[in-house]
Amino acid sequence: RSGQHIHHEDSENCVCFLDSDRPLVYGSISDLMRAKGVVPEDAGEEAPLQAFDETVRTTLPLAFASSMSRRAFSYRDTILVGAFAMLPEFFDSWGGLAHGVPMRYFAVKGLDFLVWVLAYIPLS
């Protein structure tokens with residue numbers, strides 16, 4: 001899910017592998033919120049879940065956005081580096097033609113490289 005969906009999440013809509021796990025999930029959330037001191041120890045069942053939901057809505061979108069913007073390279077640069085990293089294999093295949101590598105192998109590798117470049121470079 002993208003960061004914008006986090007603003008509308010709540011613990012009642014969490015997806016559990018087994019619905020019978022839901023009380024365990026809710027109990028763990030309640031224990032966490034009590035242990036962090038966000039809600040009092042004697043808080044009922046709803047207060048910790050509401051506090052957790054509010055924490056998710058206010059904290060996670062910022063954390064999600066900041067983690068997505070800390071890249072050492074831009075997406076375009078990453079794709080270009082990946083494409084250049086594939087070049088040695090491409091040239092090895094080409095050089096193998098003189099040593100008996102079937103043309104079919106070279107054609108498949110060339111098409112693979114071409115599809116990779118044409119599919120990913122436009123995204124940058």
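Predicted model: local features only at pLDDT ≥ 70, side-chain atom pairs only at ≥ 80, totals over all residues.
Reader: Within what arc do the buried residues of α2 fall, seen down its axis?

Author: The buried residues of this helix are Arg22, Ile29, Ser30, Met33 and Arg34. They line one face of α2, because, viewed along the helix axis, they fall within an arc of 130°.

Reader: What span does helix α2 reach from its first C-alpha to its last?

Author: Helix α2 covers residues 22-35, which makes 14 residues. At 1.5 Å a residue, the expected value is 20 Å, and the model comes close to it. The span from first C-alpha to last is 20 Å.

Reader: Does Ser30 count as buried or exposed?

Author: Ser30 is part of helix α2. Leaving aside residues up to four places away in sequence, Ser30 touches Glu45, Pro48 and Leu49. The cut-off for burial is under 20% relative accessible area. Ser30 has 8% relative accessibility, so the residue counts as buried.

Reader: Which elements give two or more residues to the largest nonpolar core?

Author: The largest nonpolar core has six residues, namely Ile29, Met33, Val39, Ala43, Leu49 and Ala51. The elements that contribute two or more of them are α2 and α3 (46-68).

Reader: Which residues does Val39 touch, not counting residues up to four places away in sequence?

Author: Val39 belongs to the largest nonpolar core. With residues up to four places away in sequence not counted, Val39 touches Met33, Arg34, Ala47, Pro48 and Ala51.

Note on methods:
Residues numbered from 1 in each chain as written. Heavy atoms only, no water. Helix = DSSP H or I, 4+ residues; strand = E, 2+ residues; numbered from the N terminus. Expected span 1.5 Å × (residues − 1). Buried < 20%, exposed > 50% of the residue type's maximum accessible area, 1.4 Å probe, protein only. Arc of directions from axis to C-beta. Contact = heavy atoms within 4.5 Å. Core = buried A, V, L, I, M, F, W, Y, C linked by side-chain atoms within 4.5 Å.
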